[in-house]
Amino acid sequence: MQYEGAWRKPMRADAARNIEKIISAALECFREDGPQVSLKVVADRAGVGPATLFRNFADKDELVLAAIERQIRVKVEPVTETALRNPDAAAGLIEVLSAVMQVANDEHHLLSAVAGRRQILVGLAGKLIESMGVLLTRGQDQGTLREELRLLDMVRLVAMLIGVGDTVAPGSMAWLRYVALVEDAIRTHREQRPLPPLEAIPEVDLPL
């Protein structure tokens, strides 16, 4: 399902600028204040009135989804385009996974605000998933990715990786370890290398 928010409709330049300001402000506010940040705080940060915000986004969900879509478009899609040109499809697929994880780590609070809305998130990431399918098929044809893998496996692996964000400190690179483990699992030949370092769960003292 592809979410069709107000920011997708043709609009005047001043309206487009307002939407960009609101989305940028939302990203900043969620990073600083967490998933419970109010829309009034976002509007104040953007320098617009509440009426302007609600004219473009009916509720918090619409704004959050617009912000997620923007981050995918700006930070993941360019990596995906480069990966599709990589002659090593398996390496390209890992580059895409890493880009997704970087965004998930940077925008952890934003993702937390839409927990349970997986179908909408899959819709927003439709183009990304399609590209992952292309890379998966190429890698299997090249003999570098396991033949029995399916695109649904990759979608679920991405969901699993994003879940790592609940157990690592925001801003850390602890997710690199789990991308490496996924890479070992999906490649036909496992590279002999040390794993990235293991980091403790923040503020939890467990014998891991």
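Visitor: Where does Gly165 lie?

Guide: The model is predicted: local features need pLDDT of at least 70, side-chain atom pairs count only at pLDDT 80 or more, and totals for chains, interfaces and linings use all residues. Numbering starts from 1 along each chain as its sequence is written, and side-chain values use heavy atoms, with hydrogens and water left out. Helices (H or I, at least four residues) and strands (E, at least two) are DSSP runs, numbered from the N terminus. Gly165 sits in the loop between H9 and helix H10 (175–186).

Visitor: What relative accessible area does Gly165 have?

Guide: Buried means under 20% relative accessible area, exposed over 50%, and partly exposed in between (1.4 Å probe, protein chains only). Gly165 counts as buried because its relative accessible area is 14%.

Visitor: What distance separates the C-alpha atoms of Gly165 and Ala104?

Guide: Along the chain, Gly165 and Ala104 are 61 residues apart.

Visitor: Asn105 is found in helix H5. Is Asn105 buried or exposed?

Guide: The relative accessibility of Asn105 is 6%. The cut-off is under 20%, so Asn105 counts as buried.

Visitor: Which residues does Asn105 contact, leaving aside its neighbours within four places in sequence?

Guide: Contact means heavy atoms within 4.5 Å. With those neighbours left aside, Asn105 is in contact with Val168, Ala169, Pro170, Gly171, Ser172 and Trp175.

Visitor: How do H5 and H10 run, roughly parallel or roughly antiparallel?

Guide: Axes are lines fitted to C-alpha atoms, for helices over the stretch in contact, and angles run from 0 to 180 degrees between N-to-C directions. The axes of helix H5 (residues 89–106) and H10 come within 10 Å and cross at roughly 150°. Angles under 35 degrees count as roughly parallel, over 145 as roughly antiparallel, 65 to 115 as roughly perpendicular and the rest as oblique. H5 and H10 are therefore roughly antiparallel.

Visitor: How many charged residues does the contact of H5 with H10 have?

Guide: H5 brings Leu93, Ile94, Leu97, Ser98, Met101, Gln102 and Asn105, which meet Trp175, Val179, Val182, Glu183 and Ile186 in H10. Ala, Val, Leu, Ile, Met, Phe, Trp, Tyr, Cys and Pro count as nonpolar, Asp, Glu, Lys and Arg as charged, and the others, Gly among them, as polar. By class, the contact has eight nonpolar and three polar residues, and the charged count is one.

Visitor: What is the handedness of the crossing of H8 and H9?

Guide: The axes of helix H8 (residues 126–142) and helix H9 (residues 151–163) come within 10 Å and cross at roughly 125°. The two helices are therefore oblique to each other. A crossing is left-handed if the near helix is turned anticlockwise from the far one by less than a right angle, and right-handed if clockwise. The crossing of H8 and H9 is right-handed.

Visitor: Which residues of H9 make the contact with H8?

Guide: From H8 come Ile129, Met132, Gly133 and Leu136. The residues of this contact divide into seven nonpolar, one polar and no charged. On the H9 side are Leu151, Met154, Val155 and Val158.

Visitor: How many charged residues are in the contact of H1 with H2?

Guide: Helix H1 (residues 13–33) and helix H2 (residues 39–46) pack at an angle of about 120°, with their axes 8 Å apart. H1 contributes Lys21, Ile22, Ala25, Ala26, Glu28, Cys29, Glu32 and Asp33, and H2 contributes Val41, Val42, Arg45 and Ala46. Seven of the residues in the contact are nonpolar, none is polar, and the charged ones number five.

Visitor: Which residues does Ala26 touch, not counting those up to four places away in sequence?

Guide: Ala26 is found in helix H1. Ala26 counts as buried because its relative accessibility is 0%. Its C-alpha lies 5.4 Å from that of Val42, 16 residues apart in sequence. Ala26 touches Val42 and Leu63.

Visitor: Which percentage of the protein's residues is buried?

Guide: The protein has ten helices and zero strands. Of the 208 residues, the buried ones make up 42%.
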